[in-house]
Amino acid sequence: MLAQWIVLLMILCFKSIQTISKDDLLVVSVATNETDGYQRFVRSLNIYGYKYEIYGLGQVWKGGDMKNGAGGGHKINILRENLVRYKNDKTKIILFSDSYDVIFTQPPEFLLDKFRSFDSARIIFGAEDYCWPDKNLQYDYPLVESNEKRFLNSGGFIGYASDIYEMITSKETIDDKEDDQLFYTKIFLDEYTRTKWSIVLDKRADIFMNLNGATDEVELPLINDEVYVHNSWTDSVPIVIHGNGPAKKSLNYLSNYVARVWSPTRGCLQCKENVIDLTKIDNEQWPMVYIAIFIEYPTPFLREYYEKIFNLTYPKNRLGIFIHNQVEYHKNLTEKYMTQFKENGYKFVKYFNYDDDITEGEARQQAITECQEDQCDYLFVIDSIAHLDNPETLVKLISLNRTIVSPMLIRTGKTWSNFWGDYTDEGFYKRSPDYVDIINYNKTGLFNVPYITHCYLINGTFLKRFIPEYIHANADSDVKFCQSIRDAGYFMYLHNEYDYGHLIDPDSFNTSLIIPELYEIFNNLKDWKARYIHPDYYKTLEPNATLQQPCPDVFWFPMVTHEFTYDLVKVMEVFNRWSGSGHNDARLAGGYENVPTDDVHMTQVDFNEHWLYILKEFIQPMQQKVYTGYYNDPPKAALNFVVRYMPEYQYKLRPHHDASTYTINLALNDVEKDYEVRNKD
């Protein structure tokens, strides 16, 4: 009798005392297409050293539209076909997982320890908070604790191979379009089959974490410089993270940090994987890139935009130019650069003008079509507000070897960028928790984001199997584009390891002004300074810089470029309401000017506020350097004007004193070029 009890005890404890080796574990999955989600899944398996088999690649999916409803019986049928060779293996452990929306985040040893902790279980299913696809079955489920998951999710399960095969073949036939989760749910809810295969649910998310309805439970702590997933609700460290249902965008967010893609001390780890090194390829063999230029609204500093495209470090004969210009104001400048592109050996230049009756969405779709037809290697989209200050931008983006990748661009001094970190259920912008850290370069790397715009590189091989969509009756073309990419299961990456450039702010650009860019000092200061501030100006502010002094207390220094002087003069001359150098002046409060000049006030051309800003930003620092003890912030100047000296009107100004603390005189002409200096007795 005692011997019988010992034998029985040994049978009951067999599972708990047997040794489970890492080699006994096999991860299996079903995938018919090698999407970005599939590649991410496989990468996570490889990173942690899992043995795995993928079934169904290259097959036509017959399991219905699982994104919008029930389905997935095809997965079970594919598993049946491939797991038959393991049907009698009572020691091999099979872990089935979906692939497109799953990431593994811990090594096999950690997972097997968790599996062993389920003492009596032969098969363990993941669990979630929603009963799907048949809500009526929720009442048949056993009750659980308040911090546990009650309902089965079939996106991940683990167990012994022989039991799993017996379970998936327990029904004689399964239609490809039957729902796989309903199939497994009925097996679990049947007490006989649940007991037969010792099926339990991973109620505390020890192995499987299903994110739908549970994203608020997720934390991303650190251990040994590695980010991992912690479930704060169940106090567990899950391994298989599943972005089921609408939680795919949450999984994409997590994928930017877990599975050894990013480290707070080492930065972007995945940026060094599978890179393309163009320096090892002959220039004549570099990928063929179509640059698609879109000018959809009046844009300041478009000349500089074109120059930066022209200066990209890339063989010109491996570049083609596609331009859609919807702005008449930019016609002449665009045609000038078209000529420049043609004369410098670009493969082709194609141009759609504002009068060609083609919408923005149609033009963007046409760029995709032409790239596909010519079998280009990449399509590089650059909107008119995207300034690529880094000439290496294209080379660096290609090197990252992604389906779609965008360089991070920001409006200088603002939080406005060319990407979204998150979006609402209605499809509108939502700030992600890491957005500010990303735009401030506190976190750098490759980030899977739901929306990019204005500048991005699309891999041509991707365009051979998928056509992104831009045209929608009720959505902007960029919103529709990103939605079509997300819906197809592909990823858009943002890269910010380098300072690629910046975004122009076009919102207040007034093309009715004589020189519109001259007035852009408030909206686009960075570009305004690049065009109008003398390149040596900042050198004169250095502590050891010496200024020219033609006479005591008078200092000369370079301040603005020739273009500034030319543009300011043009504004005044086109305005052409010079005062005439008379004493009577209706523009003044008292109506009388003691020492008159032939001038135009800044207020008359709406430039006074701009000039006051110039005084504060560029004159005041110099004043504080040379005239110590005088400080007024902001500087005050009641009368600012441009004077014109002409022999027939006014050729000199008699010496006089005014009420100013200091005076700034800015020469708008070149001596001996625009005028002559003659000494007169």
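1. Buried here means under 20% relative accessible area, exposed over 50%, and partly exposed in between (1.4 Å probe, protein chains only). Ala-530 sits in helix 17 (residues 525-532); helices (H or I, at least four residues) and strands (E, at least two) are DSSP runs, numbered from the N terminus. Its C-alpha atom is 9.3 Å from that of Thr-561, 31 residues apart along the chain.

2. A word on the source: this is a predicted model, where local features need pLDDT of at least 70 and side-chain atom pairs count only at pLDDT 80 or more, while totals for chains, interfaces and linings use all residues. Residues are numbered from 1 along each chain as its sequence is written, and side-chain values use heavy atoms, with hydrogens and water left out.

3. Now Arg-318, in the loop between helix 10 (302-310) and strand 17 (319-325). Arg-318 is buried yet has no salt bridge (a side-chain nitrogen of Lys or Arg within 4 Å of a carboxyl oxygen of Asp or Glu). Asp-377, the nearest side chain of opposite charge, is 4.4 Å away. A polar atom of the Arg-318 side chain does lie 2.8 Å from the backbone oxygen of Trp-286.

4. Then there's Phe-555, in strand 32 (residues 554-556). Phe-555 is partly exposed, because its relative accessibility is 24%.

5. Last, Asp-356: look for it in the loop between strand 18 (348-352) and helix 12 (360-373). Asp-356 comes out as partly exposed, since its relative accessible area is 37%.

Methods:
Lys, Arg positive; Asp, Glu negative; His and termini not counted. Polar contact = N/O pair within 3.5 Å; in protein donor to acceptor, adjacent residues only side chain to side chain.
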